[in-house]
Amino acid sequence: MDLKKAAEIARMIVELDIRRDEMLEDLQNEIGKDAHEFLRYMQNSCLKKSS
């Protein structure tokens, strides 16, 4: 196991998670309480297109 590579991957995941939280907050500011439902709809739409 390459601990240096594993640590780098973990760091990138944490950064991505923080950025996701910031983006979700932005989405909530734009569309309000329906943000989670809208996000789920968009996720499902994207999954259908990639299949």
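A salt bridge here is a side-chain nitrogen of Lys or Arg within 4 Å of a carboxyl oxygen of Asp or Glu. Keep that in mind, everyone, for the charged side chains I'll talk about today.

A quick word on the model. It's predicted, so local features need pLDDT of at least 70 and side-chain atom pairs count only at pLDDT 80 or more, while totals for chains, interfaces and linings use all residues. Residues are numbered from 1 along each chain as its sequence is written, and side-chain values use heavy atoms, with hydrogens and water left out.

Okay, so how many salt bridges does that rule give us? Four. Side chains of opposite charge can pair when their charged atoms come close. Let's start with E8, R11 and E15, which are linked in a network of salt bridges. Within it, E15 and R11 meet at 2.3 Å, N to O. They sit four residues apart in helix α1, so about one helical turn separates them. Helices, by the way, are DSSP runs of H or I, at least four residues, numbered from the N terminus.

Next up, R19 bridges to E22, with the closest N and O atoms 3.6 Å apart. Those two are also in helix α1, three residues apart, about one turn.

Then there's K33 with D34, at 3.8 Å, N to O. K33 is exposed, at 78% relative accessible area, whereas D34 is partly exposed at 39%. For us, buried means under 20% relative accessible area, exposed over 50%, and partly exposed in between, using a 1.4 Å probe and protein chains only.
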